[in-house]
Amino acid sequence: MQMRSFTDYLRSVDDAALLELFTHRADLISPVPSDMASLAVRACSAPSLARAIDGLNQWQFQVLEACAVINEPFSEKQIVAITEKAAVDVLPELIVRGLLYPSDDGMRLPNSVREVLGNEIAGLGPATMAKLNLKKLDEAPDSAKKVLERLIWGPPRGSVGDIKNPGPGVTWLLEENFMVPLDQRTVILPREVGIYLRGGKVHKEREVTPPEIKGSKRDDRNVQLAAIANVATVLRWADEILEYWAQEPADALRAGGLGVRDLKIIATHMGIDENCAAFIAELVYLAGLVTIDADDKILPTNNFDIWLTQKPSVRWQAIAAPWLITSRVSGLVGRAESKNTAALGPELDRVNAASTRALVLKLLAENKKIAPELESFTKHVKWCSPSKRNPGLQEEMVQWTLREAEWLGITGQGVISKYGQEFLSGEDLDIIDADLPQPVDHILIQSDNTAIAPGPLVHDVAAVLAIIGDIESRGGATVYRFTDATIRRGLDHGKTGDEIIDFLRKTSKTPIPQPLEYLISDVAKKHGRLRVGNTSSFIRCEDPALITQIISDKRLDILSLRRIAPEVMICDMDAHDVMNVLRNAGYLPAAESNNGLLLTGPRSSRAQSKPRPPRIIGELEVPTDAALSAAIRTIRVGEKSSHKQSTLRNIANNALGALPRTTANETLDVLLKYIQEQRSLSIGYADNNGAVSHRIIDPLKISAGSLIARDHGTGEMQTFRIPRITGVAPL
Amino acid sequence: MTDGPLIVQSDKTLLLDIDHAMSTECRRAIAPFAELERSPEHIHTYRLTNLGLWNARAAGHDAEMVIDTLIKYSRYAVPHSILVDVAETMSRYGRLRLEADPIHGLILVTTDTAVLEEVIRAKKIAPLLGVRIDNETIAVHPSQRGQIKQSLLRLGWPAEDFAGYVDGQAHEIALKQTDWKIRPYQELAAEGFWHGGSGVVVLPCGAGKTIVGAAAMAHAKATTLILVTNTVAARQWREELLKRTTLNEDEIGEYSGAKKEIRPVTIATYQVMTKKKDGVYAHLDLFDTHDWGLIIYDEVHLLPAPIFRFTADIQSRRRLGLTATLVREDGMEGEVFSLIGPKRFDVPWKEIESQGYIAPAQCVEVRVNLSETERLSYATAEPEERYRFCATTRTKRNVVESLVAHHAGEQILVIGQYIDQLDELSEVLGVPLIKGETPVKEREVLFNKFRSGEISCLVVSKVANFSIDLPDATIAIQVSGAFGSRQEEAQRLGRILRPKSDGRSATFYSVVSRDTIDQDFAQNRQRFLAEQGYAYKIIDADDVFQGKL
């Protein structure tokens, strides 16, 4: 069988090769294509190719570019000639990825690879038709040489004032066909000339090996110490942000996410910068520890309670694992150019985030002896994954990932830590529990009314202290300050003064200073002296005897009165109802207003809201002349167009009957075949209104979802949108 | 994880466990760069501040040494962000240098042109600069030396001052240690100052700051200008200098409201220096009349603004600031740093107490209840009158009477803010009163009588807050104060901290009205001392009446 097309190639390879193709390009089997033809179509589609090309490193990419600039079919030798010897090793890698395939007469690129690579591949212009004597270039006049120097490394286009009257250099080049006019003002350097001037090579620098990662050495012990400090810190931050939101839930923005103000608040509260605060907020959000509630409040979830009881290693794993795979980029929050991007908001997803992050971490793990220096590290990352689409973001992503890895403790002082290594290789994280400072269960109370927990506190003690003291300083230790306000808070939480003193006595390793004990009992003595409550109505009387009579009156039990002073009772019922009940029982109550005035006279109420009378629905107004004529005009125009459409629909139906219908995949497959064979065919093509017309065409190429072909009917080049091609048939 | 005595917190505070075996060693190691914030009984709190770190740079320590120290003594791993921050902050110091230049006088030189470009564009800096000499150098008018240092500090680019000091007119001064010996910490303080060039020495009241001043003068061996708070203090300085140094009476002059002597060693009061005549400070010229080799600022925490301004102009002279508390309620600590100099020496009060150089003291807060009628009048008093009202309540008088009776036979000072209250107390107790209008002569007579034991009790107003040397006073009773001033409280306690001949401990009573603004102020006033480890025992007035002390 003759093997020329990519489909033919795919049909010819064995299962192992297909397996490898699918490992590199997982998108090809999602969903699984029905046959080889549709596999080939999918593999040649622009999105899939772009994805595959994104997966290449810089050297592979350069070789692919070199393949794309020479004429098909080509040989290994030709590629080596315009690149480096090392290209020999790369070609099979390209073949494995389905970006290059061997055919009977040499190697070829699948359709569309060139389109995906762009117009001026490697900064080279199109091939010329003319026969060139390239040797003459060496004797080009100086003026021409100057022009060539400008264009040699691309872009190959240059603009001239007027093509009819260019400078002497350009004139010579145009005469010799070393330069081709593109339009009135633009000239272009043909590919052959470019390659010749580049000394027979395609690229200025052939980056066969990645640039070296530079960095500084760190003492291993300090690295681990710094990393475990980071682990402890990030856990504490997560704890704090959640505790804070549990007390003071933040309001989500209408567009979703955490507002700038609330971000600032938590950043100040935790004493960290806003970038870090946004990162922590995203971490707990990804871990499901916080959610945006139905009423747009940002609140900790039930998982937080479970999380609190877990071992540190499990807690850390719970926040670090989602970060590894998320496509959300918290670094975007608060940048000058994306002011409205909010943490927890909908705009943080970026396509290459997870892959860049994975690549950065992989490189960190590979260079475990050094703290990489950002510039060389970024260059290396760029070599490994030259991002075509958003190179700026990629650079920032590298920086952010390094920063975030440090915050998480995956690195310590910039070097990957043993915790990071275990984590990335999916090992058990028990070492975190072992290396974190062991929790303490005691505090030291000092005479300036502060208490110091000289290490992470066990949960129960910390919870009580958080109520009866204000945290003044956080870190490895915690400093609490007791004031009358905090003691009062403890009392409000239902503790008695003696309980607080007992608790402190039990937990403190040092005796409680007298002033603190005095403070607690002093506040406890005063607590609850002033009381506030809700009630609906009150009954008061200057004569306490009458009050006593009312409260003991069995008929008034329904009011469930409570006497709060000799002369005052309160009731949960409305004053109006209370008056009625009292009257029925034979008492003579009078109403009193809020400011203590006696309300007398008949009760005559008024509404609080503004009057809003119902709309009157009656006869329609007679329309004006202008309105009438406009209405007629509208109806006429509408009628005309619907008549035209029904006519068109008839034509379409006829046409459809005459054409064989093919599926989208068949259409593409046939088109590709006809393009290669350069034969004419007939298609059905739907226009803007859905009318299908029958065309005879010569297909030329497919690019970006369109077919460019010569239409026999008009004799002109025309672009056909592929989804609108209803069917194809050979002539 | 090590088992060090230090815990480095993420808010840049350092907690030092003083019961730890290595605590003394660690305290010495961190003292050059961390500011002691609190020193109660178990855990001392230090803080890493920009000023402190720049101080350390000025004293020749680098970031690496700071980081190594933190890591070495830290119990837990040190947060990375702190280390980065330390390195960051310290690297800002010294990018700009002030140097003497034979042609331009004074120049600002940089190693980092970007920084220079940044600062010369700052609004506050531009007017202080002269001609641009080259990319890295710009001329500064010598008289702006202080101003520019102050402004650069505010911008966060403190300049290292290499311009040096003038020696001043030489004058032989030496310590005369015949019947006494300079204490080790005093010597350390004087040396710390001398090696640093200029700066502030912080020592508790009663710890002998005058001797530090005298030792500094003995180092300088040059004419000296000493600025003190008031005339009584000036006389005390004079006597102390006569006793401790080789100076004789003719060499020491007093420049005050009463006398205007200018001698090789001149003691001037802040009051006369800041006195205005026809809208100008007539006496500020004193700074220029002599080629002073050393200027000493006593009680530098009280330094008034005009002196600050003038100090800015004399940056080429050595300056020594002395104080017990660098806390300024007006937050001008930065000014002190840039104009007088960085803190050169600091030591916890309790440490000096344990060495026996200051008397141990007990602080007691006596809470009195307002009577029912007083409570009613307090509740309805105008806000600005409230403090005065509750601070001068009658009940306090009874408490003071009981306390004085209880401590009969000891030397007692009753200190207050409001003159009416003090007049009344002096009458009730039958003891003399010293207030602002008491002539200096009479004051001296009374103080001398008190020292000799002829009088055992004195009522004093705020004039006796500072610098009054009353060695045998053992009891101080404070009835009212300048609102919530922390340093006033410390100064007042200082009055009774001179070591007693019989090794007795002192007691400081603060009488406070319960549940009033007086109590809130008292809490703030006590903060500094509580942080120094002076625990206030709180008792009720009834305990005093029943003699349960």
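Modeller: Chain A of this predicted model has a secondary structure that comes to 29 helices and 26 strands. Of the 731 residues in chain A, 34% are buried, and among its contacts with a separation of 6 or more, 65% are accounted for by residues 24 or more positions apart. Chain B, for its part, has 22 helices and 25 strands, and 50% of its 549 residues count as buried. Among the contacts in chain B between residues at least 6 apart in sequence, 73% join residues at least 24 apart.

The part you ask about belongs to the contact between the two chains, in which 27 residues of chain A are in contact with 28 residues of chain B. The elements giving two or more residues to the side of chain A that touches chain B are α12 and α25 (514–526) of chain A, and of these α12(A) gives the most, with seven residues. Taken by class, the residues on that side of chain A divide into twelve nonpolar, twelve polar and three charged.

Helix α12 of chain A, which covers residues 220–247, also packs within its own chain against helix α14 (residues 274–286) of chain A, at an angle of about 80 degrees and with the two axes 10 Å apart. An angle of 65 to 115 degrees counts as roughly perpendicular, and α12(A) and α14(A) are therefore roughly perpendicular to each other. From α12(A), the residues A:W237, A:A238, A:I241 and A:L242 meet A:I280, A:A281, A:L283 and A:V284 of α14(A). The residues of this contact between α12(A) and α14(A) divide into eight nonpolar, no polar and no charged, whereas the side of chain A that touches chain B includes twelve polar and three charged residues.

The crossing of α17(A) and α18(A) is right-handed, and the contact is made by A:L359, A:V360 and A:L363 on the side of α17(A) and by A:H380, A:V381 and A:C384 on the side of α18(A). By class, the contact of α17(A) with α18(A) has five nonpolar residues, one polar residue and no charged residues.

Elsewhere in chain A, residue A:L174 is found in helix α10 (residues 168–175) of chain A. With 17 other C-beta atoms within 10 Å, A:L174 is partly exposed. Once its neighbours within four places in sequence are left aside, A:L174 is in contact with A:M179 and A:P181. From A:L174 to A:I188 the separation is 14 residues in sequence and 9.8 Å in space, C-alpha to C-alpha.

In chain A, an open sheet of three strands has the order β17-β19-β18, with antiparallel pairing. Strands β17 (537–540) and β18 (562–565) of chain A stand at the edges of this sheet, each with a single partner strand, so one side of each is left without a neighbour in the sheet. Neighbouring strands of this sheet are turned by 35 degrees against each other on average, direction ignored. Strand β18(A) is joined by three bridges to strand β19 (residues 568–571) of chain A, and the two run antiparallel; the bridge partner of A:R563 in β19(A) is A:M569.

In chain B, strand β19 (residues 361–368) has six of its eight residues buried, so β19(B) is largely enclosed by the rest of the structure. Eight bridges join β19(B) to strand β24 (residues 506–513) of chain B, with the two strands running parallel, and in β24(B) the bridge partner of B:R367 is B:V512. Strand β19(B) is also joined, by five bridges, to strand β25 (residues 536–540) of chain B, again in parallel, and here B:V366 has B:I539 of β25(B) as its bridge partner.

Note on methods: Residues numbered from 1 in each chain as written. Chains lettered and ligands numbered in written order. Predicted model: local features only at pLDDT ≥ 70, side-chain atom pairs only at ≥ 80, totals over all residues. Axes fitted to C-alpha atoms, helices over the stretch in contact; angles between N-to-C directions. Helix = DSSP H or I, 4+ residues; strand = E, 2+ residues; numbered from the N terminus. Parallel < 35°, antiparallel > 145°, perpendicular 65-115°, else oblique. Contact = placed C-beta atoms within 7 Å. Nonpolar A, V, L, I, M, F, W, Y, C, P; charged D, E, K, R; others polar. Buried ≥ 20, exposed ≤ 12 C-beta atoms within 10 Å, placed from the backbone. Pairing = 2+ DSSP bridges. Left-handed = near helix turned anticlockwise from the far one by under 90°.
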